Amino acid sequence: MFKGQPKGLFALALANTGERFGYYTMLAIFMLFLQAKFGWEQAAASQVYSIFLAAVYFMPVVGGWLADKIGYGKCVVTGISVMFLGYLLLAVPTAANTLGVTMMLGALLLIAIGTGLFKGNLQVMVGNLYDDPRYSAKRDSAFSLFYMAINIGAMFAPSAATAITNKFLAKAGLVYKADIPALAHQFMNGTISAENSDKLATLAAQMPGADASAMNLGDFSAYYIEHLSSAYNMGFAVACVSLIVSIAIYFACRGWFKHADVNAKQAKAANVQVEELTPKQTRERVVALCLVFAVVIFFWMAFHQNGQSLTWFARDYTQSTATGATRFGFNIWILALMAVSIYTLFGAFQSEKASGKVICGAVTLGLWGGAYAIYSGMPEVLDIQPQLFQQFNPFYVVFLTPVSMAIFAALANRKTEKHPNGLEPSAPKKIGLGMFVAALGYLIMIFGSVGQPSPAELGGTVSPDPVVPMYLISTYLVLTFAELLLSPMGISFVSKVAPPKYKGLMMGLWFAATAIGNYLSSVPGLLWKAVPLWANWAILLALCVIAGGIMFAMLKKVEAATA
(Lines give C-alpha, C1' and ligand atoms only; values in the text may rest on other atoms or scores of the structure.)
Protein backbone atom coordinates (compact mmCIF):
# COMPACT_ATOMS: atom_id res chain seq x y z
CA MET A 1 0.00 0.00 0.00
CA PHE A 2 2.64 2.51 1.13
CA LYS A 3 5.61 0.57 -0.18
CA GLY A 4 7.35 1.94 -3.27
CA GLN A 5 5.65 5.35 -3.16
CA PRO A 6 7.85 8.46 -3.56
CA LYS A 7 8.45 10.51 -0.39
CA GLY A 8 6.96 13.56 -2.07
CA LEU A 9 3.50 11.95 -1.93
CA PHE A 10 3.52 11.86 1.87
CA ALA A 11 4.76 15.44 2.19
CA LEU A 12 2.12 16.82 -0.16
CA ALA A 13 -0.60 14.65 1.41
CA LEU A 14 0.22 15.87 4.93
CA ALA A 15 0.29 19.49 3.79
CA ASN A 16 -3.15 18.97 2.31
CA THR A 17 -4.39 17.21 5.47
CA GLY A 18 -3.74 20.30 7.57
CA GLU A 19 -5.50 22.60 5.13
CA ARG A 20 -8.49 20.27 4.80
CA PHE A 21 -8.85 19.92 8.58
CA GLY A 22 -9.36 23.68 8.86
CA TYR A 23 -11.69 23.82 5.88
CA TYR A 24 -13.94 21.02 7.09
CA THR A 25 -13.99 22.33 10.66
CA MET A 26 -15.36 25.55 9.23
CA LEU A 27 -17.75 23.75 6.88
CA ALA A 28 -19.14 21.47 9.62
CA ILE A 29 -20.75 24.40 11.39
CA PHE A 30 -21.05 26.99 8.62
CA MET A 31 -24.69 26.31 7.69
CA LEU A 32 -25.67 26.21 11.37
CA PHE A 33 -23.77 29.49 11.83
CA LEU A 34 -25.63 31.22 8.99
CA GLN A 35 -29.03 30.28 10.36
CA ALA A 36 -28.16 30.89 14.01
CA LYS A 37 -26.46 34.27 13.54
CA PHE A 38 -28.58 35.84 10.82
CA GLY A 39 -31.85 33.93 11.26
CA TRP A 40 -31.95 33.02 7.57
CA GLU A 41 -34.39 30.45 6.23
CA GLN A 42 -33.07 27.33 4.50
CA ALA A 43 -33.45 28.81 1.00
CA ALA A 44 -31.31 31.90 1.70
CA ALA A 45 -28.70 30.05 3.76
CA SER A 46 -28.50 27.31 1.14
CA GLN A 47 -27.81 29.87 -1.59
CA VAL A 48 -24.88 31.42 0.30
CA TYR A 49 -23.52 28.00 1.23
CA SER A 50 -23.82 26.63 -2.31
CA ILE A 51 -22.37 29.72 -3.99
CA PHE A 52 -19.42 29.53 -1.60
CA LEU A 53 -18.85 25.85 -2.37
CA ALA A 54 -19.16 26.59 -6.07
CA ALA A 55 -16.59 29.39 -5.81
CA VAL A 56 -14.20 27.17 -3.83
CA TYR A 57 -14.27 24.58 -6.60
CA PHE A 58 -14.47 26.98 -9.55
CA MET A 59 -11.45 29.05 -8.59
CA PRO A 60 -9.03 26.16 -9.37
CA VAL A 61 -9.80 26.87 -13.05
CA VAL A 62 -8.18 30.28 -12.61
CA GLY A 63 -5.52 28.83 -10.34
CA GLY A 64 -4.70 26.07 -12.85
CA TRP A 65 -4.51 28.51 -15.76
CA LEU A 66 -2.21 30.77 -13.73
CA ALA A 67 -0.02 27.86 -12.60
CA ASP A 68 0.47 26.71 -16.19
CA LYS A 69 2.11 30.10 -16.71
CA ILE A 70 3.99 30.91 -13.46
CA GLY A 71 4.38 27.54 -11.70
CA TYR A 72 2.48 25.32 -9.30
CA GLY A 73 4.51 26.00 -6.15
CA LYS A 74 4.10 29.78 -6.36
CA CYS A 75 0.34 29.38 -6.59
CA VAL A 76 0.22 26.92 -3.68
CA VAL A 77 2.10 29.25 -1.30
CA THR A 78 0.08 32.29 -2.38
CA GLY A 79 -3.12 30.31 -1.94
CA ILE A 80 -2.36 29.35 1.66
CA SER A 81 -1.60 32.99 2.51
CA VAL A 82 -4.88 34.24 1.02
CA MET A 83 -6.88 31.48 2.75
CA PHE A 84 -5.31 32.43 6.08
CA LEU A 85 -6.60 35.98 5.73
CA GLY A 86 -10.07 34.71 4.87
CA TYR A 87 -10.34 32.40 7.89
CA LEU A 88 -8.95 35.12 10.14
CA LEU A 89 -11.67 37.52 8.96
CA LEU A 90 -14.36 34.86 9.40
CA ALA A 91 -13.22 34.28 12.99
CA VAL A 92 -13.93 37.89 13.99
CA PRO A 93 -17.27 38.18 15.89
CA THR A 94 -19.55 40.83 14.37
CA ALA A 95 -23.10 42.05 14.76
CA ALA A 96 -25.77 40.46 12.58
CA ASN A 97 -26.05 43.58 10.44
CA THR A 98 -25.00 44.70 6.96
CA LEU A 99 -21.37 45.08 8.05
CA GLY A 100 -21.40 41.58 9.55
CA VAL A 101 -22.80 40.07 6.35
CA THR A 102 -20.29 42.01 4.23
CA MET A 103 -17.34 40.84 6.32
CA MET A 104 -18.56 37.26 6.18
CA LEU A 105 -18.96 37.36 2.39
CA GLY A 106 -15.52 38.99 2.00
CA ALA A 107 -13.99 36.22 4.10
CA LEU A 108 -15.67 33.57 1.95
CA LEU A 109 -14.31 35.21 -1.22
CA LEU A 110 -10.75 35.15 0.15
CA ILE A 111 -11.09 31.50 1.16
CA ALA A 112 -12.41 30.61 -2.30
CA ILE A 113 -9.58 32.46 -4.10
CA GLY A 114 -6.95 30.92 -1.85
CA THR A 115 -8.35 27.43 -2.25
CA GLY A 116 -8.39 27.89 -6.03
CA LEU A 117 -4.69 28.68 -6.03
CA PHE A 118 -3.83 25.87 -3.61
CA LYS A 119 -6.01 22.80 -4.10
CA GLY A 120 -5.76 21.82 -7.76
CA ASN A 121 -2.12 22.78 -8.14
CA LEU A 122 -1.05 20.69 -5.16
CA GLN A 123 -2.76 17.71 -6.78
CA VAL A 124 -1.06 18.38 -10.11
CA MET A 125 2.28 18.14 -8.32
CA VAL A 126 1.20 14.79 -6.90
CA GLY A 127 0.37 13.63 -10.43
CA ASN A 128 3.73 14.90 -11.71
CA LEU A 129 5.52 12.58 -9.26
CA TYR A 130 4.03 9.65 -11.18
CA ASP A 131 5.15 10.80 -14.61
CA ASP A 132 8.38 9.08 -13.58
CA PRO A 133 8.24 5.56 -15.14
CA ARG A 134 9.41 4.06 -11.82
CA TYR A 135 6.15 5.12 -10.18
CA SER A 136 3.65 5.35 -13.05
CA ALA A 137 1.93 2.04 -12.19
CA LYS A 138 1.15 3.35 -8.71
CA ARG A 139 -0.73 6.47 -9.81
CA ASP A 140 -4.25 5.27 -8.89
CA SER A 141 -3.15 3.88 -5.52
CA ALA A 142 -1.25 7.13 -4.83
CA PHE A 143 -4.36 9.24 -5.33
CA SER A 144 -6.34 6.87 -3.13
CA LEU A 145 -3.76 7.42 -0.38
CA PHE A 146 -3.75 11.17 -1.04
CA TYR A 147 -7.53 11.21 -0.83
CA MET A 148 -7.38 9.25 2.41
CA ALA A 149 -5.06 11.91 3.88
CA ILE A 150 -7.57 14.60 2.98
CA ASN A 151 -10.21 12.72 4.91
CA ILE A 152 -8.03 12.25 7.99
CA GLY A 153 -8.26 16.01 8.39
CA ALA A 154 -11.97 16.01 7.60
CA MET A 155 -12.65 13.17 10.08
CA PHE A 156 -11.50 15.17 13.10
CA ALA A 157 -13.11 18.43 11.96
CA PRO A 158 -16.74 17.98 13.19
CA SER A 159 -15.59 16.86 16.64
CA ALA A 160 -13.18 19.80 16.86
CA ALA A 161 -15.96 22.20 15.87
CA THR A 162 -18.34 20.61 18.39
CA ALA A 163 -15.80 20.69 21.24
CA ILE A 164 -15.06 24.37 20.65
CA THR A 165 -18.77 25.24 20.37
CA ASN A 166 -19.58 23.41 23.60
CA LYS A 167 -16.64 24.98 25.45
CA PHE A 168 -17.61 28.56 24.66
CA LEU A 169 -21.31 27.92 25.26
CA ALA A 170 -20.48 26.43 28.66
CA LYS A 171 -18.52 29.56 29.60
CA ALA A 172 -21.72 31.52 28.99
CA GLY A 173 -23.81 29.10 31.07
CA LEU A 174 -25.46 27.58 27.98
CA VAL A 175 -25.79 24.23 26.25
CA TYR A 176 -26.66 23.51 22.62
CA LYS A 177 -30.32 22.84 21.81
CA ALA A 178 -31.23 22.43 18.14
CA ASP A 179 -34.58 24.24 18.46
CA ILE A 180 -33.38 27.39 20.17
CA PRO A 181 -31.79 29.38 17.28
CA ALA A 182 -34.92 29.30 15.09
CA LEU A 183 -37.26 29.91 18.04
CA ALA A 184 -35.08 32.75 19.35
CA HIS A 185 -35.18 34.52 15.99
CA GLN A 186 -38.94 34.02 15.80
CA PHE A 187 -39.26 35.66 19.24
CA MET A 188 -37.00 38.58 18.30
CA ASN A 189 -38.87 39.07 15.00
CA GLY A 190 -42.26 38.94 16.69
CA THR A 191 -43.42 35.98 14.61
CA ILE A 192 -43.40 33.29 17.30
CA SER A 193 -46.60 31.39 18.10
CA ALA A 194 -47.86 30.92 21.64
CA GLU A 195 -46.98 27.22 21.48
CA ASN A 196 -43.42 27.90 20.31
CA SER A 197 -43.05 30.65 22.92
CA ASP A 198 -43.85 28.13 25.66
CA LYS A 199 -41.38 25.70 24.14
CA LEU A 200 -38.65 28.37 24.09
CA ALA A 201 -39.34 29.16 27.74
CA THR A 202 -39.02 25.46 28.63
CA LEU A 203 -35.70 25.22 26.80
CA ALA A 204 -34.40 28.41 28.42
CA ALA A 205 -35.15 26.99 31.86
CA GLN A 206 -32.92 23.99 31.05
CA MET A 207 -29.77 26.12 30.71
CA PRO A 208 -27.14 25.25 33.34
CA GLY A 209 -26.22 28.89 34.07
CA ALA A 210 -28.48 30.50 36.66
CA ASP A 211 -28.24 33.92 35.01
CA ALA A 212 -29.22 32.58 31.59
CA SER A 213 -32.14 30.49 32.81
CA ALA A 214 -33.53 33.44 34.81
CA MET A 215 -33.61 35.87 31.87
CA ASN A 216 -36.82 36.98 30.21
CA LEU A 217 -37.31 35.44 26.76
CA GLY A 218 -36.25 38.56 24.87
CA ASP A 219 -32.94 38.87 26.70
CA PHE A 220 -32.37 35.13 26.60
CA SER A 221 -32.95 34.97 22.84
CA ALA A 222 -30.42 37.71 22.11
CA TYR A 223 -27.95 36.29 24.64
CA TYR A 224 -28.13 32.76 23.22
CA ILE A 225 -27.76 33.88 19.58
CA GLU A 226 -24.80 36.12 20.44
CA HIS A 227 -22.88 33.44 22.30
CA LEU A 228 -23.69 30.60 19.93
CA SER A 229 -22.53 32.73 16.99
CA SER A 230 -19.28 33.73 18.70
CA ALA A 231 -18.68 30.06 19.60
CA TYR A 232 -18.92 29.23 15.92
CA ASN A 233 -16.45 32.07 15.20
CA MET A 234 -13.94 30.37 17.47
CA GLY A 235 -14.46 27.18 15.47
CA PHE A 236 -13.53 29.06 12.31
CA ALA A 237 -10.29 30.24 13.98
CA VAL A 238 -9.11 26.62 14.05
CA ALA A 239 -8.54 26.86 10.29
CA CYS A 240 -5.92 29.59 10.82
CA VAL A 241 -3.89 27.29 13.08
CA SER A 242 -4.20 24.33 10.71
CA LEU A 243 -2.92 26.42 7.78
CA ILE A 244 0.20 27.35 9.77
CA VAL A 245 0.87 23.64 10.30
CA SER A 246 0.19 22.93 6.61
CA ILE A 247 2.64 25.53 5.26
CA ALA A 248 5.29 24.41 7.79
CA ILE A 249 5.07 20.83 6.44
CA TYR A 250 5.18 22.09 2.86
CA PHE A 251 8.42 24.06 3.30
CA ALA A 252 10.09 21.54 5.64
CA CYS A 253 9.69 18.72 3.09
CA ARG A 254 9.94 20.72 -0.13
CA GLY A 255 13.07 18.88 -1.23
CA TRP A 256 11.05 15.67 -1.54
CA PHE A 257 8.82 17.01 -4.31
CA LYS A 258 10.63 20.04 -5.74
CA HIS A 259 11.28 18.16 -8.99
CA ALA A 260 7.48 17.81 -9.47
CA ASP A 261 6.97 21.58 -9.25
CA VAL A 262 7.49 21.98 -13.00
CA ASN A 263 4.87 22.93 -15.56
CA ALA A 264 5.20 22.27 -19.30
CA LYS A 265 6.63 25.73 -19.97
CA GLN A 266 9.29 25.34 -17.28
CA ALA A 267 10.12 21.80 -18.40
CA LYS A 268 10.67 22.96 -21.97
CA ALA A 269 12.96 25.75 -20.81
CA ALA A 270 14.99 23.20 -18.82
CA ASN A 271 15.14 20.78 -21.80
CA VAL A 272 13.13 18.17 -19.89
CA GLN A 273 11.37 15.72 -22.20
CA VAL A 274 7.59 16.14 -22.16
CA GLU A 275 5.05 13.88 -23.84
CA GLU A 276 4.11 15.28 -27.25
CA LEU A 277 0.56 14.86 -28.53
CA THR A 278 -0.84 15.56 -31.97
CA PRO A 279 -3.61 18.18 -32.23
CA LYS A 280 -6.08 15.34 -32.79
CA GLN A 281 -4.96 13.46 -29.69
CA THR A 282 -5.09 16.63 -27.64
CA ARG A 283 -8.61 17.40 -28.87
CA GLU A 284 -9.85 13.84 -28.20
CA ARG A 285 -8.46 13.83 -24.68
CA VAL A 286 -9.93 17.23 -23.85
CA VAL A 287 -13.36 16.20 -25.21
CA ALA A 288 -13.27 12.91 -23.25
CA LEU A 289 -12.36 14.73 -20.06
CA CYS A 290 -15.14 17.27 -20.57
CA LEU A 291 -17.68 14.45 -21.00
CA VAL A 292 -16.58 13.00 -17.67
CA PHE A 293 -16.73 16.45 -16.07
CA ALA A 294 -20.33 16.87 -17.24
CA VAL A 295 -21.42 13.62 -15.59
CA VAL A 296 -19.74 14.16 -12.22
CA ILE A 297 -21.60 17.45 -11.80
CA PHE A 298 -24.61 15.44 -10.66
CA PHE A 299 -22.60 13.37 -8.21
CA TRP A 300 -21.32 16.46 -6.44
CA MET A 301 -24.81 17.92 -6.42
CA ALA A 302 -25.99 14.84 -4.53
CA PHE A 303 -22.87 14.30 -2.42
CA HIS A 304 -22.53 17.80 -1.00
CA GLN A 305 -25.78 17.64 0.90
CA ASN A 306 -23.74 16.75 4.00
CA GLY A 307 -23.52 20.36 5.15
CA GLN A 308 -27.01 21.26 3.99
CA SER A 309 -30.09 19.05 3.77
CA LEU A 310 -28.48 16.07 5.53
CA THR A 311 -27.46 18.35 8.42
CA TRP A 312 -31.00 19.75 8.57
CA PHE A 313 -32.31 16.18 8.64
CA ALA A 314 -29.86 15.45 11.48
CA ARG A 315 -31.04 18.53 13.39
CA ASP A 316 -34.80 18.36 12.76
CA TYR A 317 -35.65 14.72 12.06
CA THR A 318 -33.04 12.60 13.87
CA GLN A 319 -32.86 11.70 17.54
CA SER A 320 -30.50 14.01 19.45
CA THR A 321 -29.22 11.13 21.58
CA ALA A 322 -27.44 7.86 20.81
CA THR A 323 -27.75 4.64 22.77
CA GLY A 324 -26.29 1.16 22.55
CA ALA A 325 -23.70 0.37 19.91
CA THR A 326 -24.62 3.52 17.95
CA ARG A 327 -22.62 5.55 20.50
CA PHE A 328 -19.52 3.99 19.00
CA GLY A 329 -19.61 6.30 15.99
CA PHE A 330 -19.94 9.56 17.93
CA ASN A 331 -16.60 9.38 19.71
CA ILE A 332 -13.81 10.60 17.45
CA TRP A 333 -11.11 8.75 19.41
CA ILE A 334 -12.85 5.42 18.92
CA LEU A 335 -13.15 6.17 15.20
CA ALA A 336 -9.47 7.17 15.06
CA LEU A 337 -8.35 3.94 16.74
CA MET A 338 -10.50 1.86 14.41
CA ALA A 339 -9.18 3.75 11.37
CA VAL A 340 -5.59 3.04 12.37
CA SER A 341 -6.42 -0.59 13.13
CA ILE A 342 -7.46 -1.36 9.56
CA TYR A 343 -3.95 -0.43 8.40
CA THR A 344 -2.22 -2.48 11.08
CA LEU A 345 -4.55 -5.38 10.26
CA PHE A 346 -3.54 -5.20 6.60
CA GLY A 347 0.06 -5.01 7.77
CA ALA A 348 -0.42 -8.27 9.66
CA PHE A 349 -1.47 -9.99 6.43
CA GLN A 350 0.90 -8.23 4.04
CA SER A 351 4.12 -8.11 6.08
CA GLU A 352 6.89 -10.18 4.52
CA LYS A 353 8.42 -11.15 7.87
CA ALA A 354 6.85 -13.23 10.63
CA SER A 355 7.93 -10.67 13.23
CA GLY A 356 6.13 -7.94 11.27
CA LYS A 357 2.95 -10.00 11.18
CA VAL A 358 3.09 -10.58 14.95
CA ILE A 359 3.77 -6.92 15.77
CA CYS A 360 1.01 -5.63 13.47
CA GLY A 361 -1.41 -8.23 14.84
CA ALA A 362 -0.62 -7.28 18.44
CA VAL A 363 -1.00 -3.56 17.70
CA THR A 364 -4.34 -4.23 16.02
CA LEU A 365 -5.64 -6.08 19.08
CA GLY A 366 -4.36 -3.26 21.29
CA LEU A 367 -6.18 -0.65 19.21
CA TRP A 368 -9.41 -2.64 19.38
CA GLY A 369 -8.98 -3.01 23.13
CA GLY A 370 -8.47 0.73 23.50
CA ALA A 371 -11.59 1.44 21.44
CA TYR A 372 -13.63 -0.92 23.61
CA ALA A 373 -12.29 0.67 26.80
CA ILE A 374 -13.40 4.12 25.62
CA TYR A 375 -16.78 2.72 24.58
CA SER A 376 -17.26 1.05 27.99
CA GLY A 377 -16.75 4.39 29.74
CA MET A 378 -19.31 6.27 27.66
CA PRO A 379 -22.67 7.31 29.21
CA GLU A 380 -25.64 5.04 28.46
CA VAL A 381 -27.39 7.91 26.68
CA LEU A 382 -25.08 10.17 24.68
CA ASP A 383 -26.15 13.67 23.58
CA ILE A 384 -25.17 14.34 19.96
CA GLN A 385 -25.15 17.49 17.82
CA PRO A 386 -26.14 17.54 14.13
CA GLN A 387 -22.69 18.38 12.76
CA LEU A 388 -21.21 15.21 14.29
CA PHE A 389 -22.84 13.12 11.57
CA GLN A 390 -20.43 14.74 9.12
CA GLN A 391 -17.50 12.82 10.61
CA PHE A 392 -18.85 9.49 9.34
CA ASN A 393 -18.03 10.16 5.68
CA PRO A 394 -14.31 10.95 6.19
CA PHE A 395 -14.02 8.09 8.70
CA TYR A 396 -15.45 5.67 6.15
CA VAL A 397 -13.03 7.02 3.51
CA VAL A 398 -10.01 6.48 5.76
CA PHE A 399 -11.25 3.07 6.93
CA LEU A 400 -12.31 1.76 3.52
CA THR A 401 -9.45 3.08 1.37
CA PRO A 402 -7.16 0.06 2.00
CA VAL A 403 -10.11 -2.26 1.42
CA SER A 404 -10.94 -0.65 -1.93
CA MET A 405 -7.27 -0.63 -2.93
CA ALA A 406 -6.98 -4.33 -2.11
CA ILE A 407 -10.11 -5.17 -4.11
CA PHE A 408 -8.97 -3.23 -7.17
CA ALA A 409 -5.45 -4.66 -6.92
CA ALA A 410 -6.88 -8.18 -6.82
CA LEU A 411 -9.03 -7.44 -9.87
CA ALA A 412 -6.06 -5.95 -11.72
CA ASN A 413 -4.05 -9.12 -11.07
CA ARG A 414 -6.80 -11.40 -12.38
CA LYS A 415 -5.69 -11.51 -16.00
CA THR A 416 -7.63 -13.61 -18.49
CA GLU A 417 -7.40 -14.20 -22.22
CA LYS A 418 -10.25 -11.78 -22.77
CA HIS A 419 -8.86 -9.27 -20.26
CA PRO A 420 -5.05 -9.40 -20.52
CA ASN A 421 -4.71 -6.23 -18.42
CA GLY A 422 -6.84 -7.60 -15.58
CA LEU A 423 -10.45 -7.21 -14.50
CA GLU A 424 -10.14 -3.85 -12.72
CA PRO A 425 -12.74 -1.44 -14.14
CA SER A 426 -11.46 1.62 -15.97
CA ALA A 427 -11.74 5.01 -14.24
CA PRO A 428 -14.74 6.09 -16.40
CA LYS A 429 -16.53 2.82 -15.56
CA LYS A 430 -15.88 3.37 -11.85
CA ILE A 431 -17.37 6.83 -12.17
CA GLY A 432 -20.54 5.40 -13.74
CA LEU A 433 -20.83 2.75 -11.03
CA GLY A 434 -20.33 5.44 -8.38
CA MET A 435 -23.40 7.30 -9.64
CA PHE A 436 -25.63 4.24 -9.21
CA VAL A 437 -24.25 3.59 -5.73
CA ALA A 438 -24.95 7.22 -4.73
CA ALA A 439 -28.57 6.71 -5.79
CA LEU A 440 -28.87 3.88 -3.26
CA GLY A 441 -27.82 6.28 -0.50
CA TYR A 442 -30.80 8.51 -1.18
CA LEU A 443 -33.10 5.50 -1.34
CA ILE A 444 -32.24 5.00 2.35
CA MET A 445 -33.17 8.62 3.02
CA ILE A 446 -36.53 8.12 1.33
CA PHE A 447 -37.26 5.21 3.65
CA GLY A 448 -36.26 7.34 6.65
CA SER A 449 -38.53 10.20 5.58
CA VAL A 450 -41.74 8.30 4.96
CA GLY A 451 -44.40 9.44 7.44
CA GLN A 452 -42.40 12.45 8.63
CA PRO A 453 -44.02 15.92 8.57
CA SER A 454 -42.74 18.28 5.90
CA PRO A 455 -40.25 21.02 6.91
CA ALA A 456 -43.00 23.60 6.40
CA GLU A 457 -45.21 21.77 8.88
CA LEU A 458 -42.48 21.77 11.53
CA GLY A 459 -42.32 25.58 11.55
CA GLY A 460 -38.80 25.79 13.01
CA THR A 461 -39.24 23.02 15.58
CA VAL A 462 -38.05 19.42 15.44
CA SER A 463 -40.00 16.30 14.51
CA PRO A 464 -42.15 14.87 17.33
CA ASP A 465 -41.10 11.38 16.20
CA PRO A 466 -37.44 11.62 15.11
CA VAL A 467 -35.78 8.64 13.42
CA VAL A 468 -32.84 6.69 14.80
CA PRO A 469 -29.33 7.91 13.82
CA MET A 470 -28.71 4.74 11.80
CA TYR A 471 -30.54 6.17 8.76
CA LEU A 472 -27.95 8.92 8.36
CA ILE A 473 -25.05 6.68 9.37
CA SER A 474 -26.04 4.18 6.66
CA THR A 475 -26.57 6.90 4.07
CA TYR A 476 -23.08 8.29 4.68
CA LEU A 477 -21.65 4.77 4.32
CA VAL A 478 -23.27 4.23 0.92
CA LEU A 479 -22.31 7.72 -0.30
CA THR A 480 -18.72 6.98 0.75
CA PHE A 481 -18.68 3.82 -1.38
CA ALA A 482 -19.77 6.01 -4.29
CA GLU A 483 -17.16 8.65 -3.47
CA LEU A 484 -14.32 6.10 -3.45
CA LEU A 485 -15.39 4.89 -6.87
CA LEU A 486 -15.55 8.39 -8.27
CA SER A 487 -13.44 11.09 -6.65
CA PRO A 488 -9.86 9.73 -6.22
CA MET A 489 -10.19 7.78 -9.46
CA GLY A 490 -11.41 10.90 -11.26
CA ILE A 491 -8.48 12.99 -10.01
CA SER A 492 -6.03 10.26 -11.04
CA PHE A 493 -7.73 10.01 -14.44
CA VAL A 494 -7.37 13.75 -15.06
CA SER A 495 -3.69 13.80 -14.03
CA LYS A 496 -3.00 10.87 -16.37
CA VAL A 497 -5.04 11.89 -19.44
CA ALA A 498 -4.69 15.70 -19.45
CA PRO A 499 -2.44 17.02 -22.24
CA PRO A 500 0.84 18.18 -20.61
CA LYS A 501 0.49 21.84 -21.54
CA TYR A 502 -3.06 21.93 -20.11
CA LYS A 503 -2.55 19.93 -16.90
CA GLY A 504 -3.31 22.80 -14.55
CA LEU A 505 -6.31 23.91 -16.59
CA MET A 506 -7.77 20.39 -16.87
CA MET A 507 -7.43 19.81 -13.13
CA GLY A 508 -9.09 23.17 -12.69
CA LEU A 509 -11.97 22.08 -14.93
CA TRP A 510 -12.43 18.95 -12.81
CA PHE A 511 -13.00 21.29 -9.89
CA ALA A 512 -15.19 23.53 -12.06
CA ALA A 513 -17.50 20.54 -12.61
CA THR A 514 -17.48 20.11 -8.84
CA ALA A 515 -18.31 23.81 -8.51
CA ILE A 516 -21.37 23.53 -10.72
CA GLY A 517 -22.50 20.49 -8.76
CA ASN A 518 -21.94 22.37 -5.51
CA TYR A 519 -24.10 25.24 -6.67
CA LEU A 520 -26.83 22.87 -7.81
CA SER A 521 -26.69 21.30 -4.34
CA SER A 522 -28.81 24.29 -3.28
CA VAL A 523 -31.84 22.81 -5.09
CA PRO A 524 -33.02 20.79 -2.06
CA GLY A 525 -32.57 23.94 0.05
CA LEU A 526 -34.74 25.96 -2.32
CA LEU A 527 -37.39 23.22 -2.26
CA TRP A 528 -37.01 22.39 1.44
CA LYS A 529 -40.26 24.01 2.57
CA ALA A 530 -42.08 23.62 -0.74
CA VAL A 531 -42.23 19.83 -1.15
CA PRO A 532 -42.62 16.75 1.08
CA LEU A 533 -39.39 15.69 2.77
CA TRP A 534 -39.03 12.48 0.76
CA ALA A 535 -39.31 14.37 -2.55
CA ASN A 536 -35.93 16.07 -2.03
CA TRP A 537 -34.21 12.71 -1.80
CA ALA A 538 -36.19 11.32 -4.77
CA ILE A 539 -34.92 14.17 -6.97
CA LEU A 540 -31.30 13.43 -6.03
CA LEU A 541 -31.81 9.70 -6.57
CA ALA A 542 -33.25 10.24 -10.05
CA LEU A 543 -30.42 12.57 -11.11
CA CYS A 544 -27.77 10.05 -9.99
CA VAL A 545 -29.43 7.25 -11.96
CA ILE A 546 -29.72 9.41 -15.09
CA ALA A 547 -26.07 10.57 -14.86
CA GLY A 548 -24.87 6.98 -14.35
CA GLY A 549 -26.81 5.89 -17.41
CA ILE A 550 -25.26 8.67 -19.50
CA MET A 551 -21.76 7.68 -18.32
CA PHE A 552 -22.24 4.08 -19.43
CA ALA A 553 -23.81 5.18 -22.72
CA MET A 554 -20.66 7.08 -23.71
CA LEU A 555 -18.20 4.73 -21.97
CA LYS A 556 -16.62 3.26 -25.12
CA LYS A 557 -16.05 6.69 -26.63
CA VAL A 558 -14.32 7.97 -23.48
CA GLU A 559 -12.17 4.86 -23.04
CA ALA A 560 -11.10 4.87 -26.70
CA ALA A 561 -10.03 8.51 -26.59
CA THR A 562 -7.95 8.04 -23.46
CA ALA A 563 -6.42 4.61 -24.13
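This is a predicted model: local features need pLDDT of at least 70, side-chain atom pairs count only at pLDDT 80 or more; totals for chains, interfaces and linings use all residues.
Which side chain meets Glu19 in a salt bridge? I looked it up: the partner is Arg20, and the gap is 2.7 Å, N to O. I also checked how covered the two are, and both Glu19 and Arg20 are buried.

I asked for the count next, and the structure holds 5 salt bridges. I picked out a couple more to look at.

One of them joins the side chains of Lys529 and Glu41, at 2.6 Å from N to O. Where do Lys529 and Glu41 lie? I found Lys529 in the loop between α20 (523–527) and α21 (533–553), and Glu41 in the loop between α1 (7–38) and α2 (42–70). Those parts are 488 residues apart in sequence, so this pair ties together pieces that sit at very separate places in the numbering. I then checked the cover: Lys529 has 37% relative accessibility, so I wrote it down as partly exposed. Glu41 comes out at 46%, so it also goes down as partly exposed.

Another salt bridge has Arg315 and Asp316 as its partners, with 2.9 Å from N to O. Buried or exposed? Arg315 has a relative accessible area of 14%, so I put it down as buried. Asp316 is at 8%, and because the cut-off for buried is under 20%, it is buried too.

**Entry: helix α12**

Arg315 and Asp316 turned up again when I opened helix α12. How many residues of α12 (309–316) are buried? I got 8 of its 8, and the helix counts as mostly covered. Besides Arg315 and Asp316, the list has Ser309, Leu310, Thr311, Trp312, Phe313 and Ala314.

**Entry: Gln42**

I moved on to Gln42, which is found in helix α2. Its relative accessibility is 6%, so Gln42 counts as buried. What is Gln42 in contact with, leaving aside its neighbours within four places in sequence? My list reads Gln35, Trp312, Arg315, Asp316, Gly525, Trp528 and Lys529. Trp312 is one of the buried residues of α12.

**Entry: α13 and α15**

Now for a pair of helices. The axes of α13 (residues 332–350) and α15 (residues 392–413) come within 8 Å and cross at roughly 15°. That angle makes α13 roughly parallel to α15. I noted the crossing as left-handed.

Which residues meet there? On the α13 side I have Leu335, Met338, Ala339, Ile342, Tyr343 and Phe346. On the α15 side I have Phe395, Val398, Phe399, Thr401, Pro402, Val403 and Ala406. A reminder that helps me read lists like these: an α-helix has 3.6 residues a turn, so residues three or four places apart point the same way.

I also looked at Ile407, which lies in α15. It has a relative accessible area of 49%, so I filed Ile407 as partly exposed. Ile407 and Glu424 are 17 residues apart in sequence, and their C-alpha atoms are 8.7 Å apart in space.

**Entry: cysteines**

I checked the cover on a couple of cysteines anyway. Cys290 is partly exposed, at 35% relative accessible area, whereas Cys544 is buried, at 0%.

Notes:
Residues are numbered from 1 along each chain as its sequence is written. Side-chain values use heavy atoms; hydrogens and water are left out. Buried means under 20% relative accessible area, exposed over 50%, partly exposed in between (1.4 Å probe, protein chains only). A salt bridge is a side-chain nitrogen of Lys or Arg within 4 Å of a carboxyl oxygen of Asp or Glu. Helices (H or I, at least four residues) and strands (E, at least two) are DSSP runs, numbered from the N terminus. Axes are lines fitted to C-alpha atoms, for helices over the stretch in contact, and angles run from 0 to 180 degrees between N-to-C directions. Angles under 35 degrees count as roughly parallel, over 145 as roughly antiparallel, 65 to 115 as roughly perpendicular and the rest as oblique. A crossing is left-handed if the near helix is turned anticlockwise from the far one by less than a right angle, and right-handed if clockwise. Contact means heavy atoms within 4.5 Å.
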